[in-house]
Amino acid sequence: MIQGNFTLTADWNTCDSGTIEVKLLNLRTTVIFAYEILEAPAVAPNTLSMKIAGEVTSDSLSVFHSGYDQTKSYIMYYEEWDISYPPLLSFFLNRCGFTLTADWNTCENGTIEVKLTKNLGATIIVNYEIFESPASAPNTLSTEMEGRPNSDSLNAFHSGYDPSKSYVIYYKQRDVPNAPMLSLYLFRCNFTLTADWNTCDSGTIEVTLMNLRTTVIFVYEILEAPAVAPNTLSMKIAGEVTSNSLSVFHRGYDQTKSYIMYYEEWDISHPPLLPFILNRCPTPTGNIEQDPHMTTFDGVRYNFQGLCTYVLTQDCSNIHEPSFQVTADFRGKYSELRSKPLTRINAVDVYVDGMQLLQILKNDHFLIKGQLFTNSSAVIGNGQGTVKVDDEHVYVKLDSPALSLVWTKETHGINIALNGPNMRGNVCGLLGNANGDPEDDFMKSDGVIVTKDDIYEFGDSWMVSGSCE
Ligand SMILES: [Ca+2]
């Protein structure tokens, strides 16, 4: 099953240089983020000038930015670039290099462990103080912690706290002029509220309360992101002392959108209202490139050397009159190697209700409803979608059918993303059925599932009849 969220983080590459590493994690789909790194504090910018594009085939991707000052703190503003109206998020990067965390030592005693970690290549002095929550920022901080060079981490233990209460730790660097006052929240021992997609095939959100060792009640609200904090929280989850975790399922959400869950404890006075971002589910993305290597929507890789026109993907609810169909012409790459030809894509066609809407040719000529298109960008039809062309790519985004296509000139590659919530499990062709299960991707056009050993039988079943002459 495809599950889990993608995450954008930033960190110092090392503390010896001013290089920031921006990293996209947990990739199971193509995802593009735009971002901007500003010296903290900074308000959200109007434009995000940097971009990171994760590919379907890699687990993570890093981009390095040099020229920053590792003795300063930065804030990264970021948003998804490939969806409409994404929430603008922020990530705080402390100056190199410390992270302060706090946790209960165990839930049985009242000891809080405060930990300074990460790249302690220099002396770092942090002042902090632990307050029962809620508490406003104090004027002075009574405790000091000094991280020394060559130590990986530093711990301090503070006893005498009540594990049934929540605390806020205010902290500030003493050795940096005008350092911002920061805070971290320590929930009373020892639960966490999270939200995730149950599976990406349905719009069901699972809210889970974990690590229960006591009865605890949360109220929460799930809103489409971005959203400001609501006045009332209408949902409630009550964990019992005897269970390790508890899940509540909420149906009817759209797994192609991002949500924000606002939550607070219901059973304590003046709890802080906290946000939790649930990223949209990864978009099923299939890819065909080079001579040709295929990756299905569910991540199965295979090679298929055909010499005709084939269905890459189509609406499968009516296989004979599909509402949309994407086909590709595979032709020999080297005509002298007739016995074992390497093939590649020479053209990609998109049909909607049986009519050709778009055609991308190998010379990067691009046709909309049969008309050659020569600009660098245009609207397709009556707002049916958009197309952008640069030196290396053709980008197509259609609203109906909800498809994104990226043609890469150099590799004769086509990348297809299914953006609609109802397309998962309802498509078929050489890129499989996008139901999250890699085991059933070699389904022929007659519905019979074969194995990789019968790849030609599978591939030929998706040949467009009459295309071999
Ligand atoms: Ca599948």
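Which residues is Ala 328 in contact with, leaving aside its neighbours within four places in sequence? They are Ile 288, Thr 309, Tyr 310, Leu 312, Ile 345, Ala 347, Val 348 and Ile 414. Here, contact means that the C-beta atoms of two residues, placed from the backbone, lie within 7 Å.

This is a predicted model, in which local features need pLDDT of at least 70, side-chain atom pairs count only at pLDDT 80 or more, and totals for chains, interfaces and linings use all residues. Residues are numbered from 1 along each chain as its sequence is written.

Ala 328 also belongs to the largest nonpolar core, which has 38 residues. Tyr 310, Leu 312, Ala 328, Ile 414 and Ile 416 have the most contacts inside this core. Strand S35 (residues 413–418) gives the most to it, with 4 residues. Apart from it lies another core, of 34 residues, including Phe 191 and Tyr 259. A nonpolar core is a set of buried Ala, Val, Leu, Ile, Met, Phe, Trp, Tyr and Cys residues joined through C-beta atoms within 7 Å; buried means that 20 or more other C-beta atoms lie within 10 Å of a residue's own, with C-beta atoms placed from the backbone.

Now to the strands, which are DSSP runs (E, at least two residues) numbered from the N terminus. Two strands pair if DSSP finds at least two bridges between them.

Some antiparallel pairs are listed here:

| Pair | Bridges | Residues standing opposite |
|---|---|---|
| S2 and S5 | 5 bridges | Leu 24 and Leu 61 |
| S10 and S11 | 5 bridges | Ile 124 and Gly 147 |
| S10 and S13 | 7 bridges | Asn 127 and Lys 172 |

Notes. Buried ≥ 20, exposed ≤ 12 C-beta atoms within 10 Å, placed from the backbone.
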